[in-house]
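Hi,

Here is the structure I said I would pass on.

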Amino acid sequence: MHELPLVFFTVLAQAAAGAYLILLLSQPLNGMDERKLSIGILVSMALLSVGMLVGMFHLGMPIRALNLLAGIGRSPMSNEILLGGAFAGFGVLVGLAGFYGKGTAAQRKALRWVTAVFAIAFVATIPKVYQLSTVAAWNTPHTTIQMLVSVFITGGALAAVLGAFRHGIAVSIAAVFVTLALRFDYITFVTGVEPVLAAQQSSLWVTQAIALLIGGALAFFALMKQKSAPPILLSVCSLVIIAELVGRVSFYNLWSITM
């Protein structure tokens, strides 16, 4: 599908931003040292870079990305690219500074929080790209809610893998519960405005829900048993990311211009 690069870009970017924020917020509580935090940040930035690189294939010619910056301030897509680039740039800088111990502790801490501001602004901008009155199935608060909840589903699971076990896994479980609880209302809305397209997404919605349920159940088991074993956490992370990729495919499949 033509939008497949955007599927990977949005999901991986949201996972990276969520992991960054959860790692940063949980560090004072879980006692993670700065070197481990920095490694987690760098891994998150690597995932973000992969997402951005894949996303550029949507442009046909990567050089066209420069044209998208022409609408900074008024165009959500331009803002998305600018803020994503700023988040990636500052994220790599803060990760390297922490890993190699460059600058003072206060400077590194300040830089991490500046980067967090870019991360929040970036993930808040992504749903605005798709809040289009001309696309009936996208023109709903569910679009914003689903994309923001995805930040915590995938970001929480990734943060758990990277060292924030309890906080990351708990956030991911809570976010899975929220998205599944809103699923019936979302499907009812989409079916009402685009019944044919909605029917075509049923198998993807079921696949996404099953993957989220299995991932959420495995995460709950890990949390209850206090099992932070890498194979379990990697399985949870893989399942929820796959689930969100499938769900994002169904989202882009709903594109249709209202006559």
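Predicted model: local features only at pLDDT ≥ 70, side-chain atom pairs only at ≥ 80, totals over all residues.

Let me start with a helix pair: E34, L37, I41 and L48 in α2 meet R108, R112 and F122 in α5, where meeting, or contact, is heavy atoms within 4.5 Å. By class, that contact of α2 with α5 divides into 4 nonpolar, no polar and 3 charged residues. For the classes, Ala, Val, Leu, Ile, Met, Phe, Trp, Tyr, Cys and Pro count as nonpolar, Asp, Glu, Lys and Arg as charged, and the others, Gly among them, as polar.

Residues are numbered from 1 along each chain as its sequence is written, and side-chain values use heavy atoms, with hydrogens and water left out.

Back to the pair. Two packed helices are described by the angle between their axes and the distance between the axes. The axes of α2 and α5 (residues 105–125) come within 14 Å and cross at roughly 30°. Axes here are lines fitted to C-alpha atoms, for helices over the stretch in contact, with angles running from 0 to 180 degrees between N-to-C directions. α2 and α5 are therefore roughly parallel to each other; the cut-offs are under 35 degrees for roughly parallel, over 145 for roughly antiparallel, 65 to 115 for roughly perpendicular, and oblique for the rest. The crossing of α2 and α5 is left-handed, that is, the near helix is turned anticlockwise from the far one by less than a right angle, with clockwise being right-handed.

The overall picture

Along its principal axes, the C-alpha trace spans about 60 × 50 × 25 Å. Of the 259 residues, 47% count as buried, where buried is under 20% relative accessible area, exposed is over 50% and partly exposed is in between (1.4 Å probe, protein chains only). As for contacts with a separation of 6 or more, 76% of them come from residues 24 or more positions apart.

Two partners of α1

How does α1 lie relative to α2, roughly parallel or roughly antiparallel? The axes of α1 and α2 (residues 34–55) come within 7 Å and cross at roughly 165°. That makes α1 roughly antiparallel to α2. The crossing of α1 past α2 is left-handed, and the contact between α1 and α2 has 19 nonpolar, 5 polar and 1 charged residues.

With α7 (residues 165–181), the axis of α1 (residues 4–30) comes within 9 Å and crosses at roughly 135°. This makes α1 oblique to α7. α1 passes α7 in a right-handed crossing. On the α1 side the contact involves I22, S26, L29 and N30, which meet H167, G168 and V171 in α7. Sorted by class, the α1 and α7 contact holds 3 nonpolar, 4 polar and no charged residues.

A few single residues

Q14 sits in α1 and is buried, with a relative accessible area of 0%. Apart from neighbours within four places in sequence, Q14 is in contact with I126, M147, S150, V151, T154 and R248.

Helix α10 (residues 202–225) contains T207, which counts as partly exposed at 41% relative accessibility. From T207 to A97, 110 residues apart along the chain, the C-alpha separation is 41 Å. Q208 is also found in α10 and is buried, with a relative accessible area of 4%. Leaving out neighbours within four places in sequence, Q208 is in contact with R183, A243, E244, V246 and G247. One of these, G247, is 39 residues from Q208 in sequence and 5.8 Å away in space, C-alpha to C-alpha.

Finally, P231 is in α11 (residues 230–253) and counts as exposed at 56% relative accessibility. P231 and V161 are 70 residues apart along the chain, with 9.3 Å between their C-alpha atoms.

Cheers

Note on methods:
Helix = DSSP H or I, 4+ residues; strand = E, 2+ residues; numbered from the N terminus.
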